[in-house]
Amino acid sequence: MITLDQTRTSSVQPGNDAASPSGFDRAGHDSAVLDLAAIRSDFPILAERVHGHPLVYLDNAATTQKPRAVLDSIAYYYAHVNANIHRGVHALSERATEAHEAARKTVRRFLNAADTREIVFVRGATEAINLVAQSYGRAHLGPGDEVLITAMEHHSNIVPWQIVCEEKGARLRVAPIDDRGELILDEFARLIGPRTKLVAVTQLSNALGTVTPLRQMIDLAHRQGVPVLVDGAQAAPHFAVDVQALDCDFYAFSGHKLYGPTGIGVLYGKRALLEAMPPWQGGGDMISMVTFEKTLYNELPYKFEAGTPDICGAIALGAALDYVTKLGMEKIAAHERDLLTYATEKVGVLQGVQLVGTARERAGVLSFVMDNVHPHDLGTILDREGVAIRAGHHCAQPVMDRFQITATARASLAVYNTREDVDALVAAIRKAHEVFQ
Ligand code: 7TS
């Protein structure tokens, strides 16, 4: 078997788990366990300067930066492996196929799925959800049927359902959230009824940072025999996911928010469900036999992978998952929890600043608005200070409507962020406040 991850970076060397004697956790507050200086040196882009300032990258919910292990895996693939998969009889094609399938096994382990056939490579969370909507949704929805989502979904987990509901005469139901941005679980439970054919919910809101009570939601749906799709685009980068323990029926995530490249993502689906679902795209690789009269479809997961996939992307995603697994998802979660608490305390008390999304369970995301300053202007001023955040509706316009705002400024965290990054954010917000007063 070939391996594409021979370049192990310093932060993931064995025995490197102790707090750094120097660097970012000098005061022991960033993380008791992760060596943040070593981790940061794994990400070459963090050495960039922006408008004369060191880059402070706090737009990780949009996309994360990539560690050298991922960059090297991409370069190695095109220098030593590149060929099309599942079809060549030659050595390179075998190498590419083997590496691609090894990446699928890595994803299976990462999600703790029962079977590699349950792992479908797609372009990202958006495509994963569209796949389920177009395949499962079209097959199961009829007039008067319902799909239940929550009021904190990203557009990717709203619009695909609207499209299929419109086509089938089905109805989209929305479970409300409260003023903190928490799901109102009783209302959610009440909305699951005999017409509900699917529940599709986020595990972590990209606009509010709310972590949803997913186990309870899945139990409530399953009690009524309704399958559950989880949008894990924001959650999977921040804490360990176990699809068997969750007992979710589908789980979607994007590689690029998890330190992997853009253009690759994953749909996990329970095997029995995937087996029964029709393909959604036709083409090469998804068939076992084609005549003009009839086509037999390939076995799982290839039935859902028509055409030449992003081979290199899948392999590089495998490298990204290996990277975070070696760091330890528990340690990543603990570090980011500490950092979010710190950021919430520091930003929450700033003059003229209101946090948007104050759920008791939050991760990775700090959304806020500032008196008299549009989030876009705030984002621009922060950028001049080298601080990258996102401003806007975050593709979650219904969330903005719920809070009667049009946009927020959003700082979002990754494993390489430090208290120094948060301090830079705070200083830049203070500066913006001065400019606009
Ligand atoms: N679901 C959630 C919860 C998301 O936050 C996003 C992207 C998606 C789905 C779609 O992921 P994609 O990789 O298929 O595009 N969210 C964001 C964001 O918050 N800022 O930019 C993209």
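**Cores, ligand and domains in a predicted model**

Residues are numbered from 1 along each chain as its sequence is written, and side-chain values use heavy atoms, with hydrogens and water left out.

Where does L111 belong? L111, together with F188 and Y251, touches the most other members of the largest nonpolar core, which has 75 residues. Helix α10, residues 311–327, gives the most to this core, namely nine residues, and helices here are DSSP runs of H or I with at least four residues, numbered from the N terminus. At least three residues of this core come from each of domain 1 (92–325) and domain 2 (329–436). A nonpolar core is a set of buried Ala, Val, Leu, Ile, Met, Phe, Trp, Tyr and Cys residues joined through side-chain atoms within 4.5 Å, where buried means under 20% relative accessible area with a 1.4 Å probe, protein chains only. In soluble globular proteins, nonpolar side chains tend to be buried together.

Now the two domains, whose bounds come from an automatic or database domain assignment. The centres of domain 1 and domain 2, taken over C-alpha atoms, are separated by 28 Å, and their contact takes 28 residues from domain 1 and 31 residues from domain 2.

Next, the ligand: which residues come nearest? Of the 16 residues around the ligand, they are T126, D231, S254, R390 and R410, where a residue counts as around the ligand if one of its heavy atoms lies within 4 Å. A polar side-chain atom of D231 lies 2.5 Å from a nitrogen atom of the ligand, and an N or O atom in the side chain of R390 is 2.4 Å from a ligand nitrogen atom. The protein covers 88% of the 490 Å² of accessible area that the ligand has on its own, as computed by the Shrake-Rupley method with a 1.4 Å probe.

Finally, T344 lies in helix α11, residues 329–348, and, leaving aside neighbours within four places in sequence, T344 is in contact with L355, R362 and L366.

Notes. This is a predicted model: local features need pLDDT of at least 70, side-chain atom pairs count only at pLDDT 80 or more; totals for chains, interfaces and linings use all residues. Buried means under 20% relative accessible area, exposed over 50%, partly exposed in between (1.4 Å probe, protein chains only). Helices (H or I, at least four residues) and strands (E, at least two) are DSSP runs, numbered from the N terminus. A polar contact is a pair of N or O atoms within 3.5 Å; within protein, one must be able to donate a hydrogen and the other to accept it, and residues adjacent in sequence count only if both atoms are side-chain atoms. Contact means heavy atoms within 4.5 Å.
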